[in-house]
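User: I am new to this structure and would like to learn how to read the contact between its chains and the charged pairs in it. Could you take me through these topics in turn?

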Number of protein chains: 2
Amino acid sequence: MTRGSSVDQNFLFTLGELYRLLRVYADKEASRFGITRAQWAVLAKVERSEGMKQSELAELLEMQPITLTRLIDKLCDNDWIERRSDASDRRVKRLYLKKSGRQLLGKMSGLKSELTANALDGITPADAHRLLTQLETIKENVRSAIQTSGAEQARKEQRYG
Amino acid sequence: MTRGSSVDQNFLFTLGELYRLLRVYADKEASRFGITRAQWAVLAKVERSEGMKQSELAELLEMQPITLTRLIDKLCDNDWIERRSDASDRRVKRLYLKKSGRQLLGKMSGLKSELTANALDGITPADAHRLLTQLETIKENVRSAIQTSGAEQARKEQRYG
DNA sequence: AAGTGATCATAAGCTTGCTTATTATATCCA
DNA sequence: TGGATATAATAAGCAAGCTTATGATCACTT
């Protein structure tokens, strides 16, 4: 129980503290390439799945479409990616890497490894793998917790509205 | 190597995605108490170490003093904490919980456990404990990586400035 | 004692998240 | 065919991070 309560006391806020540190670190390093960490994450995801709709990409990135829209604006301004209209649905815009975007990702490929290696220093590859798996598990847990609490909310509103 | 490269591909951005999800979740739940997750984190830290200087608290929270200043403004507006001038150093303000802040934390004590338990569902207490330890390790790694890269920066500037 | 440099809190302005609302377009059903 | 509902992208405005700069105070050196 001591063990449980210690986790209980710390997990929620510790993750936030780590995130802030990691953000400062990654932004500082990425800035040498004229890009921010947030933009880089989008660019990397576009590379992995070109031709996606913005809404699909937003879901993959766990962010709201409007947040993504503004990041895409910046990536387009820099000519790293482009929006192309969808032939069969005129609401949709699909995202494609441009040549300079591909080149940038090439130049940055070593940086991600370096940042990750520095962050995970002293953690064995096996532990790192387990850690990542656990983070994915937690992501799923939180995603479904949000949906559940949203559903409860809707039910209450229906009952009292 | 497969294992290493899979971590390499994902750790940096996965943590950001999890953070965003967790933020949405915690903010939504905390809002029932009229407080945000960020403000809650500050309030909880003040409870644990009353009488701290703002600058010390900012360091504990891994955030910049100005970021903290504005969160503290809100906590003071709500009368949950107060700033008291230091007797021996007139620059310093020390932070103390007020009665209603203590009451609020009491009311919210169950929520943190609930959020953490939901997030860590399916992860054994032993694994959760190891996970938290690893997050702390990574925090230290990143903190020192930032300092190192800052030092390199300063060295370069000195050399070329 | 006085000046130089550090430290504390804060201000101004930017980024990247969010929520809520708007506009255009699709889809569905009656 | 047409009206209600849903979906895609964007806009406006707020929250909470950041950097850089400022004013007040302190500490140290001379």
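Analyst: What follows goes through the interface and then the salt bridges. This is a predicted model, in which local features need pLDDT of at least 70 and side-chain atom pairs count only at pLDDT 80 or more, while totals for chains, interfaces and linings use all residues. Residues are numbered from 1 along each chain as its sequence is written, chains are lettered from A and ligands numbered from 1 in the order in which they are written, and side-chain values use heavy atoms, with hydrogens and water left out.

User: What is the area buried between chain A and chain B?

Analyst: The size of an interface is often given as the accessible area lost when the parts come together. Buried area here is the accessible area (1.4 Å probe) that two parts lose on being put together, summed over both. For chain A and chain B it is about 6400 Å², with carbon and sulfur atoms giving 71% of that. A:Leu12, A:Phe13 and A:Leu21 supply 10% of the area that chain A buries against chain B, more than any other three residues.

User: How many residues does the contact take from chain A and from chain B?

Analyst: Counting contact as heavy atoms within 4.5 Å, 63 residues come from chain A and 63 residues from chain B.

User: How many salt bridges does the rule find across the interface of chain A and chain B?

Analyst: Side chains of opposite charge can pair when their charged atoms come close. The rule asks for a side-chain nitrogen of Lys or Arg within 4 Å of a carboxyl oxygen of Asp or Glu, and across the interface of chain A and chain B it finds four such salt bridges. One salt bridge joins B:Lys139 to A:Glu17, with the closest N and O atoms 2.8 Å apart.

User: Which residue of chain B forms a salt bridge with B:Lys139, its closest N and O atoms being 3.8 Å apart?

Analyst: That residue is B:Glu62. Both B:Glu62 and B:Lys139 are buried, where buried means under 20% relative accessible area, exposed over 50%, and partly exposed in between (1.4 Å probe, protein chains only). A network of salt bridges links residues including A:Glu17, B:Glu62 and B:Lys139.

User: Is A:Lys139 buried or exposed?

Analyst: A:Lys139 counts as buried, at 6% relative accessibility, whereas A:Glu136 is partly exposed, with a relative accessible area of 31%. Their side chains meet in a salt bridge (4.0 Å, N to O).
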